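Here are my notes on the model, point by point. Please read them with the structure open.

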Amino acid sequence: MNIKKYFLHVAFALLVAPLLTSCLGGDDDKFDYTDWINQNEAYFTRMQDTIGADGKKVFEKLEPVWAPGVTVLAQWHNDRSLTASNLVPMDNSTVNIKYEGRYYNGVRFDSSYSRVDSIYTCSPNNMVVGFWTVLTNMHVGDSVTCVIPTNAGYGASSSGVMPYSTLIFDIKLKSIKAYETSGN
């Protein structure tokens, strides 16, 4: 190839490259999450300030000492005095739960009820921080609705869940399959 053709190819590439990148998904195609983030944050704030018919806050704040800056909201659906003597899972326990997860707008994104027996087996420390926090505050038999802000959920990642989402879970702790210790 002679020098003249080489410069023509380079000039053509320099002219066409910007056109191709804009067609192939440059910055113009990025989703703007600003409204979604604002709506999710506003929902979390509303829930933490929600007052029930009895004049008390509907949600209890759970703030794990091991995760500074994390606040998860929990609304218990059972009389916890009746489950107070039941086991509470440790971080590395294996638990059987039933759950349903949805976004602040009510759209469901996951559920154990789609499984044959509706039981999901997990370890708290293998879940997002907010879910982990709630599980390690539950006694076997407890049922809770929890509100997990994005910093205790999936954050900016999109692992099957919309990024920057406040997550709402209804969880029932059925049993502790393997009660692990925190041994060294």
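1. Helices (H or I, at least four residues) and strands (E, at least two) are DSSP runs, numbered from the N terminus. On that basis the protein chain has three helices and seven strands. Their order from the N terminus is α-α-β-β-β-β-β-α-β-β.

2. A word on the source. This is a predicted model, in which local features need pLDDT of at least 70 and side-chain atom pairs count only at pLDDT 80 or more, while totals for chains, interfaces and linings use all residues. Residues are numbered from 1 along each chain as its sequence is written, and side-chain values use heavy atoms, with hydrogens and water left out.

3. Burial and contacts. Buried means under 20% relative accessible area, exposed over 50%, and partly exposed in between (1.4 Å probe, protein chains only). The protein chain has 184 residues, and 36% of them are buried. Contact means heavy atoms within 4.5 Å. Of the contacts with a separation of 6 or more, 68% join residues 24 or more positions apart.

4. A nonpolar core is a set of buried Ala, Val, Leu, Ile, Met, Phe, Trp, Tyr and Cys residues joined through side-chain atoms within 4.5 Å. The largest has 30 residues, and Ile97, Phe131, Leu135, Phe169 and Ile171 touch the most other members. Strand E2 (72–76), strand E3 (94–103), helix H3 (129–135), E6 and E7 each supply at least two residues of this core. E7 gives the most, with five residues. Apart from this core lies another of seven residues, among them Met47, Leu73, Val147 and Ile168.

5. Phe131. Leaving aside residues up to four places away in sequence, Phe131 touches Ile97, Ile148, Phe169 and Ile171. Phe131 also belongs to one aromatic cluster, whose members include Trp36, Tyr43, Tyr99 and Tyr104.

6. Aromatic pairs. Rings of Phe, Tyr and Trp (its six-membered ring) pair if their centres lie within 6.5 Å; planes under 30 degrees apart count as stacked, over 60 as edge-to-face and the rest as tilted. The structure holds twelve such pairs. In one of them, the ring centres of Tyr43 and Tyr104 are 5.9 Å apart and the planes stand at 50°, so the pair is tilted. Tyr43 lies in helix H2 (residues 34–48) and Tyr104 in the loop between E3 and strand E4 (108–111), so the pair ties together parts that are 61 residues apart in sequence. Tyr43 is buried, at 13% relative accessible area.

7. Thr166. Where does Thr166 sit? Its place is the loop between strand E6 (143–148) and strand E7 (167–178). Thr166 counts as buried, because its relative accessibility is 3%. Beyond residues up to four places away in sequence, its contacts include Tyr43, Tyr104, Val147 and Ile148.

8. Met127. This residue is in the loop between strand E5 (120–122) and H3. Its C-alpha atom is 8.9 Å from that of Gly153, 26 residues apart along the chain. Not counting residues up to four places away in sequence, Met127 touches Tyr120, Cys122, Trp132 and Leu135.

9. Backbone checks. Most residues other than glycine have a negative phi, and most peptide bonds are trans. Ser118 has a positive phi, near 65°; please look at the loop between E4 and E5, where Ser118 is placed. Ser118 counts as buried, at 9% relative accessibility. Tyr164 also has a positive phi, of about 60°. Tyr164 is in the loop between E6 and E7 and is partly exposed, with a relative accessible area of 29%.
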